[in-house]
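This report covers a helix crossing, an aromatic pair and the confidence of the model. The structure is shown first.

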Amino acid sequence: MSDTEYYRALEYHEYLISSHRREVCSPDDVFAFFNWKGLQNLVDFGSGLGFYFNEFRKWFPHVWVWAGECQQEIIDMILRRKLLEGLEKLTPFYIDQSDHPLLPTWIPVPEIIFASLSLSTFPNPGLAMDGLIRSMKPGGKLFIVDWAKTESGFGPKINEKISLDKMKFLAEEYKLDVIKSGRISEFFYGMEVKASSSFVYGYYDLKEEEDDSDIFKM
């Protein structure tokens, strides 16, 4: 495994559900940072082992949480945890590992996609944001929590972190509006993103396939 694929290691995922993570970035501070109004279906994109699962149940008892992961091993562990802990209104799902991720069409279109410590693992986080925004209806919001680009002594190396300023720049490069941004804690920042008025949903939307059925007619 290369240094840039630290996020695949089980040890890293275990750290992400540790008490230390709670100490350095309180889930309550994350909840207070964003505007969650109008939420019915929430996608936890790159959920890992589920650091926020119990928090979601506390904050939004009636919301269905869809936990997206690209590693089947992690999905299996989520399913075991769901069974053992009786986690309700939670469905893990597999999402293809792609630089331009699109949610599967069989899950309800979410009002909010929550991406915590996941976008910085993409070669181009702006392109990843583009795919996630395309997976929602117009007006859908993308909530980003990520590592501040500072030395911390834990988590990924500083060169694997993406600064808030660069994350904002990448969003704007893909015609996305940054509604809110700022530090959530010393080591983490938050960013709320939605499509701008110049964002074109139909352009290279991979979920819209052309009808080529005539090709196969005799």
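## Helix crossing

In this predicted model, helices α6 and α7 cross with right-handed geometry. Helix α6 spans residues 125–134 and helix α7 residues 164–173; their axes come within 8 Å and cross at roughly 50°.

## Aromatic pairs

The whole structure holds 23 aromatic pairs. One of them joins F31 and F60, whose ring centres are 5.8 Å apart; their planes stand at 55°, so the pair is tilted.

F31 belongs to helix α3 (residues 27–33), while F60 sits in the loop between α4 (53–59) and β2 (64–69). The pair therefore ties together parts that are 29 residues apart in sequence.

## Confidence

The protein chain has a mean pLDDT of 86, with 83% of its residues at 70 or more. Residues 205–218 have pLDDT below 50, and this stretch makes six contacts in the model beyond near neighbours in sequence. Where pLDDT is low, predicted coordinates should not be read in detail.

Definitions and conventions: Residues are numbered from 1 along each chain as its sequence is written. This is a predicted model: local features need pLDDT of at least 70, side-chain atom pairs count only at pLDDT 80 or more; totals for chains, interfaces and linings use all residues. Side-chain values use heavy atoms; hydrogens and water are left out. Axes are lines fitted to C-alpha atoms, for helices over the stretch in contact, and angles run from 0 to 180 degrees between N-to-C directions. Helices (H or I, at least four residues) and strands (E, at least two) are DSSP runs, numbered from the N terminus. A crossing is left-handed if the near helix is turned anticlockwise from the far one by less than a right angle, and right-handed if clockwise. pLDDT is the predictor's confidence in each residue, from 0 to 100. Contact means heavy atoms within 4.5 Å. Rings of Phe, Tyr and Trp (its six-membered ring) pair if their centres lie within 6.5 Å; planes under 30 degrees apart count as stacked, over 60 as edge-to-face and the rest as tilted.
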